[in-house]
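Please read these notes with the model open beside them.

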Amino acid sequence: MAFTLQIGDQAPAFSLQATDGETYSLTDFERSKVVVVFFTCNHCPYVVGSDEITRETADKYKEQGVSFVAINSNSVNTKPDDSFEHMVARMEEKKYPWTYLHDETQDIAKAYGALRTPHFFVFDENRKLIYTGRGVDQPRDTSKMTVNDLENALSAHLANEAITTQVTNPIGCNVKWDGKDEHWMPVEACDLV
């Protein structure tokens, strides 16, 4: 079995605390036509470099029924900056248009097969996976960006067109697994394409 969800797979359920103090599950977004679940964090330069592009995409498609759900699964023992308190502070400062959840046990990162930060998973109205991978081709420095794969996938799907590129390799820092070296990746985790 593949480490990361495959196209057509069902979105794994979750129940996680958000920076607003509430607990959210996948069913809280059942009215959304599309749900974008993405694994992210506070410190990674690829996240910091591309969050404003992700914001633009989230804002652009909000009226078309697309919800963005961010999940931080990084071990606070490896990266103290990724603590829940820092998540709250980051959301208060940046006011991102998504729900920011804390996966303290890392169970949800394992269920989705999150490889890097950021790593995007796009689910249709039946919560089947229709795109996974990177948001953009230059997340660390979006001034050099030539492709926004996330936006291309959303545009095509919402126009009832086929998504020409359904899988890309996420670009970013690896997920920081608890009790492991900072750069450790699970043996079964591999490039998607």
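1. In which helix does Met 91 lie? Met 91 belongs to helix α2, residues 84-94. Helices (H or I, at least four residues) and strands (E, at least two) are DSSP runs numbered from the N terminus.

2. On the source: this is a predicted model, in which local features need pLDDT of at least 70 and side-chain atom pairs count only at pLDDT 80 or more, while totals for chains, interfaces and linings use all residues. Residues are numbered from 1 along each chain as its sequence is written, and side-chain values use heavy atoms, with hydrogens and water left out.

3. Met 91 counts as buried because its relative accessibility is 14%; buried means under 20% relative accessible area, exposed over 50%, and partly exposed in between, with a 1.4 Å probe and protein chains only. Not counting residues up to four places away in sequence, Met 91 touches Thr 19, Tyr 96, Trp 98 and Tyr 100. Contact here means heavy atoms within 4.5 Å. Lys 144 is 53 residues from Met 91 in sequence and 26 Å from Met 91 in space, C-alpha to C-alpha.

4. The spaces are found on a 1 Å grid over the protein atoms alone: a cavity is a set of points where a 1.4 Å probe fits but cannot get out, and a pocket is an open set with protein on both sides within 12 Å along at least five of seven lines. Lining residues have an atom within 4 Å of a point. Points are joined across faces, edges and corners, and a volume is the space filled by probe spheres set on them.

5. The largest pocket holds about 170 Å³ of space. Strand β4 (66-72) and helix α1 (45-62) each supply at least two residues of its lining, and β4 gives the most, with three. The lining of this pocket has six nonpolar, four polar and one charged residues. Ala, Val, Leu, Ile, Met, Phe, Trp, Tyr, Cys and Pro count as nonpolar, Asp, Glu, Lys and Arg as charged, and the others, Gly among them, as polar.

6. There are two cavities of 30 Å³ or more. The largest cavity has about 70 Å³ of space, and α1 gives the most to its lining, with four residues. That lining has six nonpolar, five polar and no charged residues.

7. The second largest cavity has a volume of about 30 Å³. Its lining includes Tyr 96, Trp 98 and Tyr 100, which Met 91 also touches.
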